[in-house]
Amino acid sequence: MTEETRLDTYDPSTLEPAWQERWEREGLYRSDIDPERPKHYALTMLPYPSGDLHIGHWYAMAPSDARARYMRMRGFNVLFPMGFDAFGLPAENAAISRGIHPSEWTYSNIERMRDQLKRMGMMVDWRRESVSADPTYYHWTQWFFRRLLEADLAYRKRAPVDWCPSCNTTLAREQVWGDDRRCERCTTPVVRKELSQWFFRTTRYAEELLTFSGLDWPERVETLQRNWIGRSEGASVVFETESGSALEIFTTRPDTLWGVTFMVLAPEHPLVEELMSDEQRSEVEAYIETSTRQTEIQRESADREKTGVFTGGYAVNPVNGERVPVWIADYVLMSYGTGAIMAVPAHDQRDFEFARRFGLEVRPVILPDDGILPLGEDLEAATTDSGPMAASGPLTDTPADRALEATLTYLEAEGIGERSVSYRLRDWLVSRQRYWGAPIPVVHCRECGPVAVPEEELPVLLPDDVEWLPTGESPLKLHPTWRHVDCPKCGGKAERETDTMDTFMCSSWYHLRYLSPDYDQGPFDPAEYDYWMPVDTYTGGIEHATMHLIYTRFFHKACRDLGILQGDEPMRMLRNQGIILGEDSEKMSKSRGNVVAPDELVDYYGTDVMRAYLMFFARWEQGGPWNSRGIEGTARWLRRLWNLFHEGAGDHPVDEEATRDLRRKVHQTLQKVGRDFEELQFNTIVAAMMELFNQMSEASAAGVEPDAWDEAWSIYLRMLAPVAPHLAEELWHRRGEKTSVHRASWPEIDEEALEVESFTLVIQVNGKLRDRLTLPVGTPEKEIRTRALEAEGAAKFIEGKTVRKVIVVPGRLVNVVVS
RNA sequence: GCCGGAGUGGCGGAAUGGUAGACGCGACGGACUCAAAAUCCGUUGGCCGCAAGGUCGUGGGGGUUCGAGUCCCCCCUCCGGUACCA
């Protein structure tokens with residue numbers, strides 16, 4: 001190829017496919033276990049095969065690929081695999097609207113996207129490709145489900161769940177987004193439905209999921225997860241009811257126990273039935289009825305007026321023996337804490353509003369700053385005072401900073417309550433009423449209840465012949481024969497579970513399947529696991545902070561506890577790319593017509609230009625609006641680079657200084673590029689290389705030593721290899737190299753070349769820049785000082801003033817303080 | 001409301017507490033061309049000035065410091081998350 005293409009213009013359209021073909025033929029990107037070398041597992045989030053590789057995919061993957069390539073040149077044995085998150089709704093919707101089988105739709109999309117990915121020039125070992133819709137894959141998704149079920153980490157319960165009326169399926173809490181509770185996929189507002197569904201016990205790992213030790217994750221993601229998990233410390237306190245049951249509540253303010261004037265239960269609370277008096281029965285039942293209906297319609301805003309009803313029952317406050325009325329209200333949620341609260345209207349705004357609405361007593365028990373306890377009826381809102389406790393029996397006068405601790409100690413000593421922690425995190429709802437997913441490997445038997453499908457019968461295959469009607473029922477339920485089976489336990493008549501699994505279950509372990517996609521003795525080959533795991537660099541969008549990234553951490557920890565794998569965390573380092581917006585700064589969408597089509601750009605500019613521009617155009621973690629003219633700059637850079645390479649340094653007499661300066665710049669750039677690759681600061685990598693290129697241009701005009709020129713190119717092309725792999729390879733071979741630049745190692749920095757003979761001394765007077773001097777390195781401080789004071793630009797600002805102080809920063813600047 | 005993050009030229013963006021605006025886009029001027037495009041060279045934060053130079057300048061206000069885009073406090077705006085979570 002080197003001969004034929006020696007035409008002299010940079011033509012990516014011939015050069016790029018030729019190299020791609022050769023790399024594939026030579027197996028350049030195969031990664032195998034090599035105990036001799038340190039490993040590096042680089043991973044980008046599993047793409048959904050939606051049909052075409054869009055600019056967002058490019059943005060996620062091309063810079064990540066450059067980073068992986070850099071790590072490989074640094075001597076790591078790099079695994080950078082790729083696959084597809086192939087189950088999911090769009091495939092099924094295509095079936096419904098166009099009559100194409102979801103499988104056909106999915107696999108033809110995969111074909112196309114695989115080609116597009118190859119065209120990007122990614123360093124992917126395609127032998128390890130995994131597709132989550134393959135039976136050889138979901139076999140193990142089902143196997144994991146079984147293991148979780150055996151360990152009681154999967155369970156089935158009837159509960160009010162979020163239902164998307166457009167997707168016709170339930171959703172996990174994490175998949176309901178925004179103020180108005182919309183479906184994460186299709187933005188339809190969700191509704192509540194009471195259904196029997198499968199859940200994973202993510203809450204069992206709430207505490208452990210809060211620690212991120214040993215992880216290099218963005219602070220932002222950790223915060224999102226912490227908030228999502230929502231840990232609150234407090235006390236659980238038991239109130240006896242007059243009907244004889246124990247009513248347990250959770251509170252973060254046990255120090256206000258003496259201010260309790262009533263209790264509130266969630267309408268669904270199991271004790272409601274027992275507590276309500278005959279007189280209140282009809283009213284209570286009517287309230288329960290309307291509150292259930294209300295949540296079905298839509299969740300109303302938080303600031304609507306409080307509603308509730310008295311149950312007619314009473315409980316006894318364990319700290320003072322007082323009899324307090326028990327109410328029900330929908331501002332208390334069954335799904336948090338114990339579904340019951342003690343109400344302290346004087347110090348909790350929600351309780352306050354409720355008390356005022358229904359004429360309940362308000363009793364302050366925290367002294368305000370003025371030291372005078374107000375009357376409850378005078379308050380206009382719950383107080384946020386932080387004075388000592390008041391009217392609180394034995395704890396009266398306890399100062400605020402000791403109040404919580406003192407109360408907890410008191411409660412424990414008296415046997416009334418104990419320290420307790422509550423989490424906002426809910427268990428993960430994994431049932432989906434859709435066809436195109438991994439079937440839940442369970443059989444329902446009238447005699448034995450839900451029974452796991454035996455391991456040797458896995459996978460439970462999806463039948464091909466199914467009606468895809470958006471009925472709200474699982475399509476598998478409508479299949480004439482599929483669901484009828486014998487119970488694996490008793491042999492009696494039974495039915496298969498017809499729901500499929502949330503696709504987040506598939507993506508919770510794909511990084512493990514990549515290790516050994518053909519392995520059939522288990523989900524992954526332990527030898528591969530031992531060598532490659534954990535993932536060293538994980539890249540993807542921030543939108544998965546509380547979905548995929550919590551699920552996969554939970555999954556990993558659960559599997560660790562089941563003895564399936566080792567280690568506490570699946571992904572050591574995480575980085576998020578931002579979003580590319582349209583040129584109008586709006587989110588890209590077909591309806592807005594602001595979508596950037598990568599294929600067209602690649603046709604026009606080539607992959608290398610595209611890759612380089614994606615690295616350069618914005619801060620990667622931030623993203624931003626696309627600028628189609630900006631790409632010209634990157635294209636120009638590579639074209640000029642091509643030209644300069646072929647023009648050479650020319651025949652000028654050698655300029656020693658230019659030569660020294662060039663070598664210094666080369667090694668400085670090498671240092672900067674290496675540092676920035678480590679931190680995934682892609683934009684400054686390209687900027688630094690452009691700067692070096694500019695200096696090489698100047699140096700060639702000035703005249704440089706051939707050895708220095710040669711060295712510059714040798715280093716330049718290796719730095720370029722991760723960014724523009726095809727161009728770097730082509731020029732590398734044109735220099736006469738016989739092996740691939742992608743097998744070359746990252747250049748070594750020559751510390752000597754970095755040394756400088758002189759430096760610019762900045763002279764400030766009162767902090768303002770007044771002059772600059774070029775001085776030899778090693779100029780004694782005393783001389784620096786005098787030279788600074790005499791410097792022309794500075795002198796006129798010093799004249800006639802008193803020099804108070806002279807700050808000398810060696811090798812950098814002098815600041816003369818005058819007055 | 002609460003929890004994060006961000007505000008730097010016309011634009012994208014650079015800057016271990018030490019020369020603000022690297023690099024690129026755009027714009028302007030010039031060369032080449034019959035012409036245009038491409039390419040090449042130069043200029044390009046605002047204001048004052050013929051110039052030398054001066055002066056202002058990193059959302060606003062205060063502070064720490066010899067010195068602040070960078071650290072601290074208060075505020076404003078935008079973006080993201082979350083929201084009757086007891």
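**View 1. E678 and R74 pair up in a salt bridge, with their closest N and O atoms 2.9 Å apart.** The pair ties together distant parts of the chain: E678 sits in helix α19 and R74 in the loop between α2 (55-73) and β2 (77-79), 604 residues apart. Here a salt bridge is a side-chain nitrogen of Lys or Arg within 4 Å of a carboxyl oxygen of Asp or Glu, and by that rule the count comes to 62. Helices (H or I, at least four residues) and strands (E, at least two) are DSSP runs, numbered from the N terminus. E678 counts as partly exposed at 27% relative accessibility, and so does R74 at 40%. For accessibility, buried is under 20% relative accessible area, exposed is over 50%, and partly exposed is in between (1.4 Å probe, protein chains only).

This is a predicted model: local features need pLDDT of at least 70, side-chain atom pairs count only at pLDDT 80 or more, and totals for chains, interfaces and linings use all residues. Residues are numbered from 1 along each chain as its sequence is written, chains are lettered from A and ligands numbered from 1 in the order written, and side-chain values use heavy atoms, leaving out hydrogens and water.

**View 2. R357 meets E305 in a salt bridge (3.4 Å, N to O).** R357 is in helix α10 (residues 349-358), while E305 is in the loop between α9 and β13 (309-316), 52 residues apart. E305 is exposed, with a relative accessible area of 56%, whereas R357 is partly exposed at 40%.

**View 3. K665 is found in helix α19 (residues 656-678).** It is buried, with a relative accessible area of 15%. Its side chain makes a polar contact (here, N or O atoms within 3.5 Å, one able to donate a hydrogen and the other to accept it; residues adjacent in sequence count only if both atoms are side-chain atoms) with the side chain of E691, at 2.9 Å. Neighbours within four places in sequence aside, K665 is in contact (heavy atoms within 4.5 Å) with E691, L692 and Q695.

**View 4. Of the 57 residues around RNA strand B, R173, T252, R350, F617 and R772 come nearest.** A residue is near the strand if one of its heavy atoms lies within 4 Å of it. Helix α20 (residues 682-702) gives the most to this surface, with 6 residues. A phosphate oxygen of RNA strand B is 2.5 Å from a side-chain N or O atom of Y336.
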